[in-house]
Amino acid sequence: MRDLVSHLTALDPGAAATVQVIAYFDRLVEGRAGLEPIVRGAAVLSGCPARLSDQERHVRVRVQPDGRVVPATQPPEPDWPSVPVRADGPPALWLERPGPAGPVDAMVLERASAAARGVLERTRGRAGDPASVEVVLDASAEERTRLLAGRRLGLGPAARAVATDGARPLVVAPDWTPPEHTRAGLGPAVAVADLPSSWAKARIAYRFTAGDDDPGPPVVDYADLGGLAVLAGAIGPDTTPVADVDAIENARTTAPWVLPTLAAVASAPSLRAAATALVLHHSTLQERLGHAEHLLGWPVRDPAGKLRLQLALALWRLHRTASLVPDG
Amino acid sequence: MTVRYPPLPFDPELAAALELNKNERTVLDSPAAIPQMRANMAARQIPLSDITGDGTITASEVDAPGPRGPIPLVIGRPADAPADIPVLYWLHGGGMILHGHKGRDLLVLKEIALALGIGFVAADYRVAPENPHPAPVEDCYAGLEWTVKHAAEHGFDPARVVIGGASAGGGLAAATALLARDRGGPALLAQLLMYPMLDDRNDTPSAHQMAGTGVWDRTANEIGWTALLGEARGGPDVSPYAAPARATDLAGLPPTFIDAGSSETFRDEVVDYATRLWRSGVQAELHVWPGAYHGFDTTAPQAELSRLASEARLPWLRRVLG
């Protein structure tokens, strides 16, 4: 291969060399080669070290052009040519030399990343394989079994469970942020052995999340709930709502502005801030609140009334999610 | 009737490397391709400065007297090594038909020399068809005798000589070891047989299974052996000094390292030779590299299997050198 590399770079980079690059990675894919041969191919064909790093899947591979696997000691330089491996993902495959990439390097990056994507999808599915996720979150499974499942999922020392509107729970890295338009309850970051408790708390957090027709928060972190978390245990599918919850439900159905207005007032630090958030004139907000207070039957502009509103909204959401909670 | 064997695929990384150089490889499908193969081999020879340039190795060229004229040798040793170091006497590959003791083997010999603090002697023996059996093996034997006789002049310990070679060179190393045993010649400490060419009959299951694939298939093997042995190839009267697989008695040979790829012509003759060494009371270390074709470690030195194969030889050498 030593001969081939010099041969590749000497060739007209437009034609023969890129064809050889394609053929090389095609053979790796045909043979179901793993990540290391793919990264090694990128290093050997480009003649410089290549590295693959996928944070979410805990994958790090770095290979020198002589074929040796040598872990990286420094983060990638910003001027190294790179490509994402996941569609719309961050840069994940680098050639360790200053860019821009020539035609051969560009083809190496393209074919190597496509090959790596195939391997990652095959071996380290994004949400992890459902069976392993189920085991790692299952408090009744033996700890040894759960730790094994955690290794299968490629988890680091800490992870957090996430309850979403999708059918399956997620287990993610502590610094994970939910994609846009996701409704999610985040459990705390814990050691892998404690993931069942993170999962229980993620489900509690999920119960405080807002649905599509609710201007409240779609993502709730259990850590931010504080004492509110206790309320979740008080509201089940058969619990009779207190009068304030009925009042919220009745008020919201009288006009479309009612719920957004109440939610803004409940969460904003001041009425002025609430008006800004709602893009309303301050006096208009005052007028609307007068009307809303009449519908609810209690004032919301003094501290006690604001707390009562916050509690009423939280309880209202808990009733709405009492039977919606994704189960483990 | 010939049994049909299912295909045995190559390791994906090795397959990809083979794909890369397929346009530059000459396939030995007829004796007419021999000149082109020799030209390729000549182009792969390197100047000695490629191994001495960094100052870690000193090397010289010497002609040893052979049965029919001089045998060119390259002699190398670590620059900082003391006197009386062990020496690896090395025979290059090339299907019994290719010249050239200054190929990339020298880079491998340099690595081994530096890793173990030993010297090496690489010999350019005569090749077939111009010089049929026994010319090649007699040159190899003469080079070995010279190496032992002149060991002290080059700072080598004549009592610690390992013979080794790859492919045809591995076959010739095995044959030279048999000659040394039977003639009461130089005592060898060990033999290092890298995917050696041992059996002129060319009729093992692996020879049939891998026909038409990879590097050095059954057709190429037949051309190589026929160049060496002519009409006698595959017949009843082939000498074990030509084809060591023909030896009926392997007792008294030195400890052996022997390897092959699972996906090459030589797989079965190599495994059989190792098995017969054990049965003859000779200690042998056998490696079969899964999915490797012939000469995989020189075609794709960066590949994982190539690196493992190169690394595996060192601890064995360390043990036999003591």
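Strand β1 of chain A, residues 50-54, is largely enclosed by the rest of the structure, because five of its five residues are buried. A residue is called buried here if 20 or more other C-beta atoms lie within 10 Å of its own. The model is a predicted one.

The side chains of β1(A) point in two directions. A:A50, A:L52 and A:D54 point one way, A:R51 and A:S53 point the other way, and all are buried.

The neighbours of β1(A) come next. β1(A) is joined by five bridges to strand β2 of chain A, residues 59-63, and the two run antiparallel. Three bridges join β1(A) to strand β4 of chain A, residues 91-95, and this pair is antiparallel as well. A:A50 can be followed into both partners: its bridge partner in β2(A) is A:V63, and its bridge partner in β4(A) is A:L95.

Chain B has an open sheet of eight strands with mixed pairing. Read across the sheet, the order is β1-β2-β4-β3-β5-β6-β7-β8. Its edge strands are β1 (57-66) and β8 (284-289) of chain B, each of which pairs on one side only. From one strand to the next, the twist averages 20 degrees.

Within this sheet, strand β3 of chain B (residues 85-91) pairs with strand β4 of chain B (residues 119-123) in the parallel sense, over five bridges. In this pairing, B:Y89 stands opposite B:V121 of β4(B).

Helix α6 of chain B, residues 168-183, lies across β3, β5 (156-166) and β6 (190-194) of chain B. Helix α6 runs at about 135 degrees to β5(B).

Methods. Residues are numbered from 1 along each chain as its sequence is written. Chains are lettered from A and ligands numbered from 1 in the order in which they are written. This is a predicted model: local features need pLDDT of at least 70, side-chain atom pairs count only at pLDDT 80 or more; totals for chains, interfaces and linings use all residues. A residue is buried if 20 or more other C-beta atoms lie within 10 Å of its own, exposed if 12 or fewer, and partly exposed in between; C-beta atoms are placed from the backbone. Helices (H or I, at least four residues) and strands (E, at least two) are DSSP runs, numbered from the N terminus. Two strands pair if DSSP finds at least two bridges between them. Axes are lines fitted to C-alpha atoms, for helices over the stretch in contact, and angles run from 0 to 180 degrees between N-to-C directions. Two residues are in contact if their C-beta atoms, placed from the backbone, lie within 7 Å.
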